[in-house]
Structure formats: C-alpha cells, structure tokens
Amino acid sequence: MTDEILIAGGGIGGLTTALACARSGRRVRVLERSEEFAEIGAGLQLAPNATRILDRLGVLGRVIAAGVLPERLVFNDALTGDRLTHLDLGEPFRQRYGGPYVVLHRSDLLDILVAACREHGVQLDNDRHVTGVTSRSDGVTVSCADGTGYHGALVVAADGLRSGLRALLSDDEPVCSGYVAYRGAVPIEEAGAHGALTDVVVWLGPGLHLVQYPLRGGRMYNQVAVFRSRRFAEGHADWGLPGELDEAFSVTCDRVRAAVPALWRDRRWPMSDREPIGDWVAGRTALLGDAAHPMLQYLAQGACQAIEDAAALADAVDRHLPAGHGAAGDVDKALRAYAAERIPRTARVQRTARVWGDIWHVDGLARDLRNALFSRREAGDFSDTDWLYGPGPTASKETAHA
C-alpha cells in the first residue's frame, strides 16, 4: 500500500492542492493529460480569500512580483461611460481581509505553482489522461489512457469543467449560459483607449460587459469582452461569432468600442457552469475546483474557490490522515470533512455568480435602477464583499498554521 496522494489535473486547483499537501511532508503525484503544464487564457483576478492561502503556501511574494496590485475595482456604464461605483483595494481593504487583491497572467501563476511543487518534491507527470479510478480497502488505483496505472491512498479529481471523474457522482452536463467571451492580453502600447493602469475596470451594459486591467507590472493590458449571443438564442450550432461581437458592442461608448479591435478573433470561450451537487466524494475520490463547482466568472472566483478547496482538503487530510497511514476510515473522514466544509460555500458562490451576471446585463428600467443603487453606494461599504473575501473556516486555519 502507498500513502501517495494522486491528483488528476494539473491546473491551478490541482497544483495548489499538490503544493498544500506536499508542504505537510506528503508524497504527491500530479497526472496531467497535456504534454506540458499550461493555462489557456489571459488575465486572472485573485481576491484576498485566495491570496491569504497563497501567502500560507509561501508563494504570494512571487505572485505579487509577477502581477499588479490594483488600487480600485471600478464599475462604469458601458453605454454612457458614466462612473457608477468603485471599491478601494488599498491598505484598509488589505487590512480588513488579511491579504491583497492581485491581478496576473494565468500562465504566470501556473509557472509559479509548478516551480513550488517541484521544490517540495511533487512528482509531475505529463501525458497522463486519467480515465478510471477503482477504490479498494487498501487504497485506490488510477488508470490512464496510455495503459499506465498508479496506486495511492486517495485521488483528487481536479480535471476541470468537463471532468470525466465527476461521472462517478453525477451524470449532469455543463449548463451553457448563452454568453461568450473574447479575450486579449496585449502589450500596453497596443491596447486601445483605457482607464487608469492602476484599476480593474468593469463596463456594464445590456447583455454585455467588458473587463480591463493591467498585467505584468503594467507592461501588458488584459481585456475580456462578454456578450449574449443572438445566434445561440436562435438555436444555431455555430454561435458567438466575431461579427456578433462587433454588433453587440457597436452600441457602447467610445472607450468601450476602442477596446474591441485589440481582442483576439481566432478563439472564443463559451461560458458555462453546472448546477451545484450535494456530494463530491466517491470511495477514495474527491472532486475539486471546476470538476466540483464550475462557475460563471462574474465574481472572479473560479480560481479563488479552487485555491480555497486546496487549503481545505490539505487541512482535512492533516486532521484525519496522519502521514504514512492510509486506513479507509481515515481517508473517508478526511474527504467527507473536506466536502462538508466546501459544498455549502461553493454552492453559494456559484448561485451568486449567476445573479451577479443578471445584474450586470439588465436593460431598460432595471438598468436605471441598478445604476441608481450602485451610484448611491458609499465608497467604504464592504457589506457586499465581507461574506466572499472575509475570513471563513479555511481562513481561520490559515492563522493557526501561520
């Protein structure tokens, strides 16, 4: 029997879990189906509920050095260009939540996690597509598409939105929102008109939005344009096309329209999530990250919640599974404790992200009411973010481990 922890999936959630477990002296192996560890996409926002954990794991300094510490999160009306409200991300914010708000390139975060995992002895295996898991009383066996197999104490299924291992628990399918994203991270001099390079700026419009922020110390500018596809609503198989992007954003103000030409046109990202499910544990396998709780991006919490998962799972393993022992009861207690802590939290974030997206995209009278409410908000009002960014069960453990 081996006490090795096997992780299927080498994205942000899988690698953070590997690092968190390895720092406790455990043997960890990551099985990644791609030929290399790489993130597809551009920018990433990390709120304090994630950066507190990255600090605990010893990599926050590298993350800050690779990214940008924005001063404000700003919301504007995409049609008129009017400022609606903002959240100050400066020192009072950092003191309140125990960590900074950081924006950085996804690939930079992945590189940092890969390097940290190697430093802590994590075995990183590429070209390993996990296709099956068999739990037994003495451990778990993982089968890969190329015929290789591995034996360990437990398996963490961190294999993304279209997780194959989620089928151990649910036969559900991703739910397409009918919205599509176009991204573009370009050298700052190639970006169109933009706001302050110290801000994360969100432009809200009917059935659309645009997010902008700097990356890599202000040398790059990240932009994400999202819109509701008319062709999707009409039932077309091919939808969210570049022509729809131009049509959707043609009604926006000059500063928003100026951003559209810098977006990549050769790739688009349909936006999907899944309904929350009530169990993440099957035998010695536990879901994590997008495999467990894929969410729409309106709260910028997809990666943050995966990082929270990683900390919670590592803590549960430390409590219930002493290093070197893999008894079935201990594994079951560890995985059940992890799921019990995380399922209610992530279900709330998933559902709130959907509602927040609806609020961003309203039109007519609803848009007028939203703008009025946003405009009346006091700059120092944290009531809408305390539940999300503030210390919760995992954060209290961070303090205990510091």
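**Exercise 1.** In this predicted model, find which residue of β16 Val180 stands opposite, and name the bridge partner of Ala181 in that strand.

*Solution.* Start with Val180: the residue facing Val180 in β16 is Pro270. Move on to Ala181, whose bridge partner in β16 is Trp269. Then take the strands as units. Strand β12, residues 175-187, runs antiparallel to β16, and four bridges join the two.

**Exercise 2.** State how many residues of β16 are buried.

*Solution.* Strand β16 spans residues 269-273. Buried stands for under 20% relative accessible area. Four of the five residues in β16 are buried, so the strand is mostly covered.

**Exercise 3.** Give the strand order of the open sheet that contains β12 and β16, and explain why one side of β5 and of β16 has no neighbour in the sheet.

*Solution.* The order is β5-β4-β13-β14-β15-β12-β16, seven strands with mixed pairing. Because β5 (83-88) and β16 are at the edges and each has a single partner strand, one side of each lacks a neighbour in the sheet. From one strand to the next, the twist averages 20°.

**Exercise 4.** Identify which strands helix α7 touches and which strands helix α11 lies across.

*Solution.* Helix α7, residues 242-249, packs on the sheet and touches β12, β14 (208-215) and β15 (220-228). The direction of α7 makes about 90° with that of β15. Helix α11, residues 364-376, lies across β4 (72-77), β5 and β13 (199-205). Relative to β5, α11 runs at about 40°.

Notes. Residues are numbered from 1 along each chain as its sequence is written. This is a predicted model: local features need pLDDT of at least 70, side-chain atom pairs count only at pLDDT 80 or more; totals for chains, interfaces and linings use all residues. Side-chain values use heavy atoms; hydrogens and water are left out. Buried means under 20% relative accessible area, exposed over 50%, partly exposed in between (1.4 Å probe, protein chains only). Two strands pair if DSSP finds at least two bridges between them. Axes are lines fitted to C-alpha atoms, for helices over the stretch in contact, and angles run from 0 to 180 degrees between N-to-C directions. Contact means heavy atoms within 4.5 Å.
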